[in-house]
Amino acid sequence: MTQLMTFENIREHESLSMYRDTKSARKVMMKEIKRVIEANPIFRGRLEFPIVKGERLRRLINQSLNWQHMQCEDPHQNPAIDTLFVDHVCDPQVCIQHSPSIENNAKPSQTISYQSPACSVKSSLSTVAQYASRIGGSFPAKNPATKVIEDSDVLSKRMPIVTVDEVTSTITDHGQNHISELAISKDLPSTVIRTLNEGSSPVSMDFHPVWLTVLLVGTSAGEIGLWDVSCGGKMVARNFNVWDLGACSMALKVALEKDSHVSVNRVLWSPDGFLFGVAYSKHVVQLYSYIGGDELDQILEIDAHLGGVNDLAFSSPEGELLVITCGDDRTIKVWDVVSGNRCFTFEGHDAPVYSVCPHIKDNIPFIFSVSTVGRIKVWLYDNLGDRIDYDAPGLGCTKMAYSADERLFSCGTSKGGESYLVEWDDTVGCFKRVYKGLGPNPLSAVQFDITRNQLLAAGDDHMVKFWHMDNTQLLKAIDADGGLPANPHIRFNSDGTLLAVSSSGNQIKILANANGLDLLQGCGNDSIDASGVESETSRKNGNVAEVNSKTTGEATYGEKAWETIERPSQCQSLQLCADVKRTKISKLIYTNAGDAILALTSNAIHLLWKWPQNDLSSSGKATTKVQPLLWRPTSGLQLMSNDLSSTNPEETMPCFALSKNDSYLMSASGGMISLFNVISFKTMRKVMAPPPAATCLAFDPRDNNVVAIGMDDSTIMIYNARLDKVTNALAGHTKRVTSLAFSTSMKSLVSSGADAQIFVWNADEWKIQKSKALQIPDGSKLRALLQIPDGNKLRALSDSDTHVQFHEDQLHFLIVHKTHLAIYEVKELGCVNKWVSDSSEPISHATFSCDSQTVYASFVDGTIGIFDASVLVLCCRIKPSAYLPADISYTVYPLVIAGHPQKPTQFAVGLSNGEVHVLEPLESEGEWGILPTVKRNLESSAPAKTTFQGFLYE
């Protein structure tokens, strides 16, 4: 320092010569600081500037432009980027010109000005979800006077006008191999096979989500009707009337006095198909329950809006079913289906609200709403106002819809008659596709629909027009033999095999493809109409007519053919003892060795009973002669238990799977999935914290390290325990996955879900091989669901879980639904046999015996049915009095049933009170019997059949 004082300029010193000026000094200093930091091993390699994608940069710029211009009273279109660097205010505009039509965009290089919902952070639904998740699902209230940006993802109130490039012919693979467009074109439902005659003009239609041939129709005269399109018959018709006029508002009464005419604006089934809603042109929404026959149950009437109710939709954001309505009073309202209470009211539109579209993305539920002037808003389920605000193309009546694979589409018509069908990319920031081929429609808005994650259809220019989702060019247009109005209403059934199209003369034409024709022919003898239901007298007499249907394989029987066991002396049973407090048994299984039973209770505790080797049981296998021991490890560890979710345990879906060597158990009870060592009871690992929660599990028999996990968000995860990671995610179901089963010989995984769909997956490539919607039997049989003990009516109705289990031959599998049992073959998903319950109680569970010659089924009334698996004939019925104590409550019944892996005549049941019972036939009989005379009669009366490994085919 002393030496430096002798210099006129300290930079003359050799060690300071590089510090020539301020800029160079800073640069040298930065290099030195960087060198010092990099010398620290903690920071080494971590000073690289992160790679920022172009989309992210564009998003940040757009957000900045939003923030800059949202405060302008008259924001300009296409604001210049250099306005970001000054405190800018837009000058008032003399006039505003509308942008040109999308259809006029001839070249990909041309651009069009639009207010796009995805062009900024404001429009990105993924951003909405990310931001909401960071702050607990809620947003700060909008206050223009005190806006503060705290994060780069904060959403602005008004969006800029941006340019959008039209995509012309690029086809994108979305995870599945698309078949050729030619094959798709041939598979379109284009053949008119039915014409339904309504009394007035149809204005809204919706197919039942499960009964694929049941069509709900609403008309301009206020009538609703239910049609069975398989036979062309109208099952139910109801004209509009107010159920309780005294409870209605004065505004509704005045409106009806001035003009009594009321039309239907929208009809819609709930996702499970047990309810449907009707929105009328005057104030009212009505909800009905339909479970077959010619009866409708009135569930709820809501005086919802001032003026017309323009649209409705169902949603279950928190597991409880809600109905969402919108109307002429410029509001959107959310109602509880059970109580009828209004949960939310969303206000902010400056014109009548035309449509609503609820959805859940990244576990954040939200609602789209579109006004009659094309203003689109997005709302969360709170009272903090809209989160997104932008314009639909054409600024007219528009409807939005998500496909099952999370792709967003909209279709609308401007006041000038220009129509727009577009796909949105809600993560990048632009229209993804603008579909060509729609003509001018000055009279009404174009209606559209989506099917099978492949096709879009719209009623336009007296035709039905089709597009492949990944190609903007028109795929095909059909006129349905002529007679269609300018903008016909259209609706696909859930598997896309049938299409309903409104026609002139108050008619509805039903179009079908080849599979649709087969569906109608197959349903011809199994009508939903009550005329196909057995009479009450015949049911009381125990008569069931034997019918062998070639189309469904369903068999019922003409005389009481089964043996009834109703006393303890008629069978062998054993109640397993446990000194542990337990609730109902949720899952039950024998170990593969057959020497133990493992149960999972609803309070997430695992109980393992092991049979000792002694004189009464030299093999150590499970038997009713010896009481097993409730197993506890010598290490002193507690019983294996799962993490419980924060929700009500009764609302979770417990699941577990045991490895082939009985050493490892994977299990979940709504919380994380636990991997246990069954020998030591040690918890090896916990994975996959919800949401979503696991709902079913299955080990791959070829590799104990691979587990298929069904989730409550409808996906299937393929988890590798050795790698501790998910290797594949399978999407196909639309509701929670309820059961999984592997076939070793077919190298396939079969899944079933609450959507009543079956999927067959290739277990090597994890791609869909085949899928099919289950045909749920006649709805009159579902009335038994209303009698479930302690069951809420609506909750019971919405429970459509199905379960699958493979036959011993690995080529067929058992389907269990509360209304019926069915045997399917894997390759083509053909139904070989079906048994439909004619009792007043639904099926709670069912399983094959180890040799697959018998099916054991439990019922909610406590009865156990034993069936011949080859023809699904009821051979024996065990009443609760045969295995339950006399003083036990009548509400106790088997929830689950499991077959012994080596003894085909032994099975165990897990009860709703937490008990487990093992049952076997008497030693003197050796098997669960069918009366010999009846067996001979069945064999002699059966038509000639060909036997294939235990299964009979016509």
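Where in the chain does L443 lie? Select L443: this residue is in the loop between β23 (430–435) and β24 (447–451). Helices (H or I, at least four residues) and strands (E, at least two) are DSSP runs, numbered from the N terminus. At 74% relative accessibility, L443 is exposed; exposed means over 50% relative accessible area, buried under 20%, and partly exposed in between (1.4 Å probe, protein chains only).

The model is predicted: local features need pLDDT of at least 70, side-chain atom pairs count only at pLDDT 80 or more, and totals for chains, interfaces and linings use all residues. Residues are numbered from 1 along each chain as its sequence is written, and side-chain values use heavy atoms, with hydrogens and water left out.

**Whole chain**

Of its 954 residues, 53% are buried.

**Cores**

Select I224, L226, F276, Y290 and F813. These residues have the most contacts inside the largest nonpolar core, which has 40 residues. Such a core is a set of buried Ala, Val, Leu, Ile, Met, Phe, Trp, Tyr and Cys residues joined through side-chain atoms within 4.5 Å. Another core, of 32 residues, lies apart from it; A596, A599, W611 and L630 are among its members.

**Helix α5**

Go to residues 250–258, helix α5, and color L252, A255 and L256, the buried residues of this helix. Seen down the axis of α5, they fall within an arc of 95° and so line one face; the arc is that of the directions from the helix axis to the C-beta atoms. M250, E257 and K258 are exposed on the other side of α5. Now show β10 (284–289) and β11 (297–303), against which the buried residues of α5 pack (contact means heavy atoms within 4.5 Å).

**A five-strand sheet**

Next, display the open sheet ordered β31-β56-β55-β54-β53, with mixed pairing. Two strands pair if DSSP finds at least two bridges between them. At the edges stand β31 (563–565) and β53 (843–848); each has a single partner strand, so one side of each lacks a neighbour in the sheet. From one strand to the next, the twist averages 20°.

Finish at β31 and strand β56 (residues 873–878), which run parallel and are joined by three bridges. Select T564 and find R877 of β56 opposite.

Definitions and conventions. Axes are lines fitted to C-alpha atoms, for helices over the stretch in contact, and angles run from 0 to 180 degrees between N-to-C directions.
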